[in-house]
Amino acid sequence: MSAKFEISFEKSAEIAGGYAILLKTKDADTAAGVSAADPSGVVAKAAKIAGFTAKLATALDIVAPEGSAAERIFVIGLGKSADLASFDWLKAGGAAASKIKNTTDVTIFIDAPGVDVTPAQAADFGLGMQLRAYGFDTYKTKKSDDDNNGKAGNGAVTVRIVTATAKEASKAFETAQAVANGVNLARDLVNEPANILGPVEFAAKAKELEKLGVEVEILTEKEMTKLGMGALLGVAQGSVRPPRLAIMQWKGGKSGEQPVAFIGKGVVFDTGGISIKPAGGMEDMKGDMGGAAAVTGLMHVLAARKAKANVVGIIGLVENMPDGNAQRPGDIVTSMSGQTIEVINTDAEGRLVLGDAIWYCNDRFKPKFMIDLATLTGAILVALGNIQAGLFSNDDQLSEQLTAAGIETHERLWRMPMGKEYDKMIDSKFADMKNTGGRHAGSITAAHFIKRFVGDTPWAHLDIAGTAMGSPLDEINQSWGSGYGVRLLDQLVRANYES
Ligand code: MN
Ligand code: ZN
């Protein structure tokens with residue numbers, strides 16, 4: 001993670017050099033902070049000449065403004081005040097962050113005339129800045145000028161956000177900063193190449209959450225063999241790198257209260273195994289652990305903001321490789337549940353990992369609900385592109401809560417159908433089920449496979465193959481690994497499951 005903004009909130013501020021950033025809606029004539037930053041009225045003049053209309057997340061740039069103590073003024077548009085949604089504050093923050101280069105000092109006036117900026121909105125603005133500031137340049141030995149774009153560069157940038165409720169905003173920003181760190185952790189994990197981040201190394205990253213008070217257990221191959229996790233182990237057997245199962249527990253709720261549970265697919269690299277994938281684009285399969293990354297990032301957020309909830313996070317970490325010891329199409333494995341699986345296609349491996357991880361989770365923790373996240377199927381990209389994730393569930397209430405959290409955070413979901421006819425498609429000639437139902441309805445039959453390990457517990461499966469990586473870049477994300485799911489599930493817990 002690159003250097004970031006050091007953000008503080010203040011009631012008022014004097015400008016002495018650096019950048020001044022002023023927020024303006026479409027419907028007000030003037031912007032926040034004009035009296036402090038622009039005594040000679042150059043902003044209004046520049047806005048007219050440039051035809052700046054304060055559309056959301058657009059910017060007006062004034063270099064060396066006459067009569068101002070600032071070296072540069074940006075006006076960031078907020079759009080129409082009546083249309084302002086909570087996500088727009090993140091966007092505006094991201095837009096502001098993208099303009100910050102060649103300075104170490106920034107003063108931002110966010111109390112746009114005509115808007116009553118709440119502390120939560122001010123904090124969201126700061127969150128948008130931190131999410132935009134993320135860049136993954138660990139392996140660039142030469143930093144180009146462009147790498148500085150929207151990032152803090154080598155040194156930290158001091159950012160003062162001026163708002164009437166500075167004290168409350170500052171408090172709210174502690175939570176926002178926890179969210180930013182969790183999302184950026186998930187992005188780091190996805191962006192990291194597989195030669196560096198194998199199952200053992202990923203498990204060590206999960207273990208680091210102990211610093212925040214998360215209890216972390218790591219199961220090795222031996223322990224998983226004892227538990228009978230034949231489905232997960234079958235996937236791992238073609239790799240020289242052994243699998244791991246990481247179990248993270250955050251106990252922030254009432255003692256003895258049933259936890260909520262999140263389970264992530266962590267295939268650190270997916271070659272497809274013996275059913276090997278074509279070469280084109282295979283490098284992207286280092287991101288096949290996006291579900292596990294989101295769960296790890298989420299656990300980071302919940303612990304860092306001391307969420308008042310009991311939460312379990314479980315990630316199944318394996319590598320899917322072709323090898324003399326790899327499993328073959330036609331092999332039959334026995335899962336921890338006792339159910340047998342005919343492996344038709346070794347590239348349908350994520351569900352094999354999840355089947356055992358979910359069964360283990362339900363069996364041991366009896367959670368209120370289970371939500372799994374997985375970069376599971378290419379078919380979900382055919383259906384939804386990389387704009388929304390697929391939601392599959394056996395529970396209407398959980399689905400509604402997830403959908404609402406998706407709208408709030410702009411990490412959107414679309415509920416897909418399930419049903420007996422689809423479930424039948426994974427019946428096998430030789431075993432209890434097979435691991436693929438063929439091309440048609442591929443995302444749905446994958447969900448049905450997982451459902452066979454869920455029992456009666458309320459459950460949702462999020463197919464994030466389109467949204468966890470390579471999704472369209474926007475105001476708050478310029479990274480290949482997007483960190484999708486962290487803000488979504490933090491919001492779900494915050495809105496519904498904290499005491
Ligand atoms: Mn696969
Ligand atoms: Zn996979």
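1. Helix α11 gives the most to the lining of the largest pocket, with three residues. Helices here are DSSP runs (H or I, at least four residues), as are strands (E, at least two), numbered from the N terminus. The elements giving two or more residues to this lining are β9 (260-270), α10 (350-365), α11 (379-384) and α14 (442-451).

2. This is a predicted model, in which local features need pLDDT of at least 70 and side-chain atom pairs count only at pLDDT 80 or more, while totals for chains, interfaces and linings use all residues. Residues are numbered from 1 along each chain as its sequence is written, chains are lettered from A and ligands numbered from 1 in the order in which they are written, and side-chain values use heavy atoms, with hydrogens and water left out.

3. Buried means under 20% relative accessible area, exposed over 50%, and partly exposed in between (1.4 Å probe, protein chains only).

4. In helix α3 (residues 86-98), eleven of the 13 residues are buried. Among them are F87, D88, W89 and L90. The buried residues of α3 pack against β1 (5-10), β2 (19-24), β4 (72-77), α4 (119-133), α12 (396-409) and α15 (486-496); contact means heavy atoms within 4.5 Å.

5. An open sheet of six strands runs in the order β1-β6-β5-β2-β4-β3, with mixed pairing. Its edge strands, β1 and β3 (59-63), each pair on one side only. Two strands pair if DSSP finds at least two bridges between them. Strands β2 and β5 (residues 105-109) run parallel and are joined by four bridges; Y19 has V106 in β5 as its bridge partner.

6. Helix α4 packs on this sheet, touching β1, β2, β5 and β6 (157-162), and its direction makes about 170 degrees with that of β1. Axes are lines fitted to C-alpha atoms, for helices over the stretch in contact, and angles run from 0 to 180 degrees between N-to-C directions.
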